[in-house]
Amino acid sequence: MPNIVVVGAQWGDEGKGKVVDVLAPHVDVVVRYQGGNNAGHTVVVGKEKFVLQTIPSGILHRGCRCVIGCGVVINPASLIDEMEALVQRGVSLDGNLYISKNAHLIMPYHPALDRAAESQAGKRRIGTTGKGVGPAYADKAARVGIRMADLLDEQLFRDKLEFNIRQKNRLLREIYDAEEFTVEAILGPYLRYAGWLAPYITDTALLLSRWMDGGASVMFEGAQGTLLDVDHGTYPFITSSSTTAGGACTGTGVPPTKIHGALGISKAYCTRVGGGPFLTEVSGDIADLLRTRGNEFGSVTGRPRRCGWVDAVGLRYAARINGLDAFAITKLDVLDACETVKICVGHRHRGEVFTEFPEEERIWHEAAPVYEELSGWQTSTHGMQDYAELPTKAREYLERLSEIVGVGIALVSTGPVRDDTIIVAGSALPRWFPSLGSAASP
Ligand code: IMP
């Protein structure tokens, strides 16, 4: 059975949660491999809405085993809240949820450092979610991080905590003039979290290896998106993890030879939250239309998302960096009201048009988009489940986008619930998962 990575192809919020939810019944295991509770994967089941932050979206399917890999940073209080909320809504976790011993903890001083650094960053402010994700990854790289396994060893945990508190308090006091922490205030709650989480903490790399050897199929659920990747994104306006397909290996301990394909998720338009360059950003009526129809408000922070047209140059870059076999295009129905729709086909900078995504920060800030404009379809696609049913102009839009990007479209999402989904016949998805069935080909 194939092991597939599902990865965001833009700046996050592409609708990965819904796509993973649609695909989860066709796999045995879903794994999160990076990010933390900065992510908010929204899944709508019937009339119920679930926002998952650290737990993989597969948890909503009975029998789907879910793993939080070593590349994730875990805020234990937030994870426990998420677990309790799921249990209250009848979701079973025992035997379904596994947490890597090697995953690093988000400690209370991480959000404090995150917010303090942001408050002093001036125009270089990233607009982080304030969850402490960047400082937690910084500690991991600096070799002072505290891991889930440490939480189960009280003496080691206390030693590492004491060391960190001394270091962080100096930073908070002398650089940021912010409130300090005490060991006691953290130790008690964290030891309680340890008791709660202990049954779920295990060697997940070994488990995954055994399951795959036994024929299980694994889906790797990316969080955030390609352009927020710490190496390949619009640095420094990024998150601090490896959001791209390569992160699926380092963030789980699964070797690249065991991964068979990658599905990129993109909205039919584009959004970004926080600071940083966004070439195709729009303002005024069209921004309001996209934000309102797409309900473009952060699922973690509630912040209004910046909105714009799809950038095919960015999507081609995402296809290259992630080795995408296919795209899933989400929220097509949001564009139903547009008279015209635009695809960015080039980044113009000082007379030169780039059709490969530039790597220079200056170009991101100064470039202007080169658009191809198509007429809109101005009729509802909401809830459509059959590709052939789509209005001709909507199909033309999707097919032109796919042609420019050079990658086929395997799934089109036409609304928030599971059933509002088109699986494209002959595409990678029915090849990977024959039980997905098929619809008419484009
Ligand atoms: P951090 O991950 O909280 O450090 O934030 C760094 C940047 O990534 C900010 O611009 C955030 O808005 C953005 N970001 C982090 N998580 C998400 C997400 O799940 N969706 C969209 N943007 C995100």
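**Strand pairing and the ligand shell**

Strand 5 and strand 7 (residues 97-100) run parallel to each other, paired over 3 bridges. This is a predicted model, where local features need pLDDT of at least 70, side-chain atom pairs count only at pLDDT 80 or more, and totals for chains, interfaces and linings use all residues. Numbering starts from 1 along each chain as its sequence is written, and side-chain values use heavy atoms, with hydrogens and water left out.

**Strands**

- Strands here are DSSP runs of E, at least two residues each, numbered from the N terminus, and two of them pair if DSSP finds at least two bridges between them.
- Strand 5 (residues 65-68) also pairs with strand 2 (residues 29-32), again in the parallel sense, over 4 bridges.
- Cys66 sits in both pairings: it is the bridge partner of Val30, and it stands opposite Leu97 in strand 7.

**Ligand shell**

- The ligand has 15 residues around it, with Asp13, Asn38, Thr129, Thr239 and Arg303 the closest; a residue gets in if one of its heavy atoms lies within 4 Å.
- By class, that shell splits into 6 nonpolar, 7 polar and 2 charged residues (Ala, Val, Leu, Ile, Met, Phe, Trp, Tyr, Cys and Pro count as nonpolar, Asp, Glu, Lys and Arg as charged, the others, Gly among them, as polar).

**Polar contacts and cover**

- Thr129 puts a side-chain N or O atom 2.6 Å from a ligand oxygen.
- Ile126 has a polar backbone atom 3.5 Å from an oxygen of the ligand.
- Gln224 has a polar side-chain atom 3.2 Å from a ligand nitrogen.
- On its own the ligand has 470 Å² of accessible area, and the protein covers 96% of that (Shrake-Rupley method, 1.4 Å probe).

How values were computed
A polar contact is a pair of N or O atoms within 3.5 Å; within protein, one must be able to donate a hydrogen and the other to accept it, and residues adjacent in sequence count only if both atoms are side-chain atoms.
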